[in-house]
Amino acid sequence: MNTPTTKETSLRTAVREFPSNVWSSIFRHPLPSNDLERSQTSFTNFFLHLHPVKVHRNTLRPIYTMGLGLMSLFLFLILVVTGILLMFYYVPSTTQAYDRMLDLRGTVAFGLFLRNMHRWSAHGMVALVFLHMCRVFFTGAYKKPREFNWVLGVVLLLVTLFLSFTGYLLPWDQLAFWAITVGTSIAGYAPLVGGQIKFLLLGDTTVGQEALLRFYVLHVAVLPAVMVLLVAVHFWRIRKDGGLSRPETASAKADAGVVQIRIEPGKRTFGLQGFVRGPFTKIGNVPDDTVYSWPHLLVAELFVFVLTVSVILLVSLAFHAPLEQPVNVMHPPNPAKAPWYFLGLQEMVSYSAFWGGIGVPTVMVVLLFLTPYIDRGQKGVGRWFARERLLANTIFLSLVILNVIFIIIGTFFRGPNWTFVSPF
Amino acid sequence: MPLAVESRKVKATAEGQMPRRRLLAWLSSVGLFGSAVLAVISDLVFFKPRVTYSPSARFGIGKPDDFPPGTRIAREVDRVCIVRDGNRMAAISTTCTHLGCIVSISDTGFACPCHGSHYDQDGTVTGGPAPKPLPWFKVSLAPNGELEVDKNSQIEPGTYFTV
């Protein structure tokens with residue numbers, strides 16, 4: 001193939017090699033059969049160069065990461081694809097939006113199914129991003145040098161919540177209207193600028209066409225753009241921070257006769273790039289516990305992808321996305337309930353609008369942002385529920401349980417006029 | 001090492017010029033940063049509509065005779081409750097001060113279906129999470145003999161308009 005030739009290529013050779021030379025111009029390397037080619041897959045393919053050439057064996061343990069972050073990413077991709085398709089039939093108008101929902105259900109081919117997929121993926125993404133955060137906390141994976149990636153993760157959680165909030169407003173059913181009404185009223189309780197924020201969000205003094213248009217633009221353009229950018233930085237930093245945090249293994253300790261090379265945390269890079277640029281070469285000196293990304297990491301990712309897509313397809317076949325009555329600005333549904341993940345917030349709001357809607361959530365978010373800068377011990381990283389992190393894990397777990405309790409109360413124990421009812 | 005020596009030399013020979021260079025750099029940074037701030041502010045101005053399309057906050061509700069003494073009618077579209085007590089009239093908001101739901105008229109005053117706030121006949125909070133009483137709006141008599149409610153001007157609760 002690569003033999004240098006002095007004579008002109010004849011037309012006959014050009015014809016004979018035609019399809020394969022197109023293929024080799026696109027994919028510079030054939031399917032890998034040795035380690036050099038395995039590293040070249042990650043190097044020379046645009047879509048694979050996000051991956052390191054080699055990954056540590058321990059980061060591939062399913063029980064360690066549970067693939068939660070990756071599942072969130074795949075759900076986001078499903079949301080982008082189904083969302084763009086839904087945009088072809090949706091009109092952000094208070095008079096048309098609801099009719100378009102009925103059209104999706106009744107006349108558009110696969111319309112109902114696409115809406116189901118979009119809605120259930122959104123619910124799944126909120127849940128999985130939250131669980132991913134819990135995983136990172138309970139394994140201490142936000143410790144130095146990964147503090148800032150945790151902060152980015154908290155921002156991504158907030159963007160996910162805001163995307164889902166702006167999303168369920170768009171059908172312009174009863175849930176949508178009263179969720180905007182309540183949501184922007186909560187924003188109005190913010191000190192000093194609350195009224196201004198509310199007016200900017202609604203684009204008007206009352207909830208109507210302007211508000212729908214604003215939330216639509218936020219949902220389909222602004223927030224996804226922010227999300228894509230931050231996800232890219234989030235992934236980039238995984239590698240710059242030295243790969244995923246990982247459980248230690250006994251075998252990683254060097255043999256007595258081997259010269260140890262100091263490896264600074266955070267500067268450890270693998271493969272050719274590290275060889276060229278990094279100050280530390282570890283070839284042959286440190287016991288190597290890494291495997292090639294191709295095929296080990298890629299197969300794991302493919303498995304998570306197939307799992308995620310299959311679950312969403314099955315759920316969308318079995319359950320229909322909720323759609324309430326068309327908007328009636330005179331009569332809020334009684335009780336007017338948000339989707340499950342906001343019911344904890346709604347329960348808190350029913351005690352005090354300011355403390356439940358602004359005060360407590362702000363304190364929680366600030367605490368989340370500061371977590372890696374407060375909890376700075378380096379012990380117990382890479383292990384689930386490490387004994388050394390008992391205090392931090394207990395505090396975090398209590399807050400998670402508290403949130404779940406509030407969600408359960410809001411979901412099952414609240415009836416008309418938000419009075420306490422028993423579901424039994 | 002040679003680099004450091006060189007730079008020190010430059011600093012020494014060009015002692016008089018460096019502050020000017022630094023000043024220019026400083027000024028241009030201020031300029032760039034200032035433009036960024038201005039851009040953000042102009043965005044905020046852009047997002048704040050100067051004209052809104054919602055119905056006017058001042059609207060006529062009909063002649064005083066349309067409301068016999070003892071009337072309590074909720075005008076759902078306008079979100080006000082028109083009260084007539086003898087020859088005194090008032091317009092009380094029916095938007096819950098908690099989170100903006102519409103309160104309905106109950107036996108004891110007003111009740112909110114969303115989070116269970118209760119108000120008495122004058123809109124004073126009697127229970128639930130509502131932080132403030134229901135506001136009262138200014139009622140006036142227009143030249144054409146119709147009553148007019150202005151939702152932009154809130155008045156002290158208990159201030160009636162005498163017809």
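The model is predicted, and local features need a pLDDT of at least 70, side-chain atom pairs count only at pLDDT 80 or more, and totals for chains, interfaces and linings use all residues. Residues are numbered from 1 along each chain as its sequence is written, while chains are lettered from A and ligands numbered from 1 in the order in which they are written.

**Chain A as a whole**

Two residues are in contact if their C-beta atoms, placed from the backbone, lie within 7 Å.

Switch to a cartoon view: chain A has 16 helices and two strands. Helices (H or I, at least four residues) and strands (E, at least two) are DSSP runs, numbered from the N terminus. Of the 424 residues in chain A, 32% are buried. A residue is buried if 20 or more other C-beta atoms lie within 10 Å of its own, exposed if 12 or fewer, and partly exposed in between, with C-beta atoms placed from the backbone. Among contacts in chain A between residues at least 6 apart in sequence, 75% join residues at least 24 apart.

**Helix H5 of chain A**

Select residues 68-87 of chain A, which form helix H5. At 1.5 Å a residue, its 20 residues should span 28 Å, and the end C-alpha atoms are 28 Å apart, which agrees; the expected span is 1.5 Å times one less than the number of residues. Show side chains for the buried residues of H5(A), among them Gly69(A), Phe74(A), Ile78(A) and Gly83(A). The buried residues of H5(A) pack against helices H4 (62-65), H7 (111-138), H11 (209-240) and H13 (293-318) of chain A.

**Phe177 of chain A**

Next, centre on Phe177(A), found in helix H9 (residues 174-188) of chain A. Is Phe177(A) buried or exposed? Phe177(A) is buried, with 25 other C-beta atoms within 10 Å. Beyond its neighbours within four places in sequence, Phe177(A) is in contact with Trp172(A), Val207(A), Val327(A) and Val329(A). Glu324(A) is 147 residues from Phe177(A) in sequence and 11 Å from it in space, C-alpha to C-alpha.

**Where the chains meet**

Now display both chains: 18 residues of chain B are in contact with 27 residues of chain A. The side of chain B that touches chain A has 10 nonpolar, six polar and two charged residues. Ala, Val, Leu, Ile, Met, Phe, Trp, Tyr, Cys and Pro count as nonpolar, Asp, Glu, Lys and Arg as charged, and the others, Gly among them, as polar.

**Strands of chain B**

Select strand E3 (residues 80-85) of chain B: five of its six residues are buried, so E3(B) is largely enclosed by the rest of the structure. Strand E2 (residues 72-75) of chain B runs antiparallel to E3(B), with four bridges joining them, and Ile73(B) has Ile82(B) as its bridge partner. E3(B) is also antiparallel to strand E4 (residues 88-93) of chain B, through six bridges. In the turn of the E3(B)-E4(B) hairpin, Gly86(B) has a positive phi of about 65 degrees.

Note on methods:
Pairing = 2+ DSSP bridges.
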